[in-house]
Amino acid sequence: MRRFERWYGAGPLQLVVVLGSFAVAGYAGVRLLAGDWRGVVVWFVGAALVQDLVLIPLYSLADRALRALPGVARGGWINTLRVPAALSGLLLLVWFPLILGPPARYSAATALPGGVFLTRWLLITAALFAVAIAWRATRSLRGSSVPANGAYRRKRKRLVR
């Protein structure tokens, strides 16, 4: 068993789980490509290109702008702003057709109002930022922020001794 773990890097159960997940992904890929394989390939390549050529530069630009704000990077606020922004962006990515304005047939097909999604997304985004900022402010007031550059580990070692 130790020889296998040294050769593979993990236990045999992990290998079985990985092979099983590859089998499920392969089956899903075969089923997905069986209908309109050209459309799936175009969508996949287009999504990869949009991610690499448009979204990553936007993420990087937003992160640089955030780091340029005084006290944000040093005070530990950077992740406080990144997490709600990422969750809000994910919600926008998943629900953007409805947020940007559902088609006219939406209300007729679902019997639900179509104009509420933008307001709800904005409220959820505001709530995410409010919770994150309240959490960080509470941690800052209690003095429990985690120092950077390994100082936390050194401080913890002194306390454990």
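Q: How are two packed helices described, and at what angle do helix α3 and helix α5 pack?
A: In general, a packed pair is described by the angle between the two axes together with the distance between those axes. In this predicted model, helix α3 (residues 78-99) and helix α5 (residues 117-142) pack at about 170 degrees, and their axes lie 9 Å apart. Because angles over 145 degrees count as roughly antiparallel, α3 is roughly antiparallel to α5.

Q: Which residues make the contact between α3 and α5?
A: From α3 the contact takes T80, L81, P84, A85, L87, S88, L91, L92, L98 and I99, while α5 contributes F117, L118, W121, I124, T125, L128, F129, A132, I133 and R136. By class, the residues of this contact are 16 nonpolar, three polar and one charged.

Q: Is S88 buried or exposed?
A: S88, which sits in helix α3, has a relative accessibility of 6% and therefore counts as buried. Leaving aside residues up to four places away in sequence, S88 touches W121, T125 and L128.

Q: How is empty space found, and what lines the largest pocket?
A: In general, a probe the size of a water molecule is rolled over the atoms, which shows where empty space is left. Here the largest pocket has a volume of about 460 Å³, and of its 15 lining residues Y59, A62, A85, A86 and G89 lie nearest the centre. The elements giving two or more residues to that lining are α2 (12-68) and α3, and the lining divides into 11 nonpolar, two polar and two charged residues.

Terms used. Residues numbered from 1 in each chain as written. Predicted model: local features only at pLDDT ≥ 70, side-chain atom pairs only at ≥ 80, totals over all residues. Heavy atoms only, no water. Axes fitted to C-alpha atoms, helices over the stretch in contact; angles between N-to-C directions. Helix = DSSP H or I, 4+ residues; strand = E, 2+ residues; numbered from the N terminus. Parallel < 35°, antiparallel > 145°, perpendicular 65-115°, else oblique. Contact = heavy atoms within 4.5 Å. Nonpolar A, V, L, I, M, F, W, Y, C, P; charged D, E, K, R; others polar. 1 Å grid on protein atoms, 1.4 Å probe; cavity = no way out; pocket = protein on both sides within 12 Å on 5 of 7 lines; lining within 4 Å. Points joined across faces, edges and corners; volume = space filled by probe spheres on them. Buried < 20%, exposed > 50% of the residue type's maximum accessible area, 1.4 Å probe, protein only.
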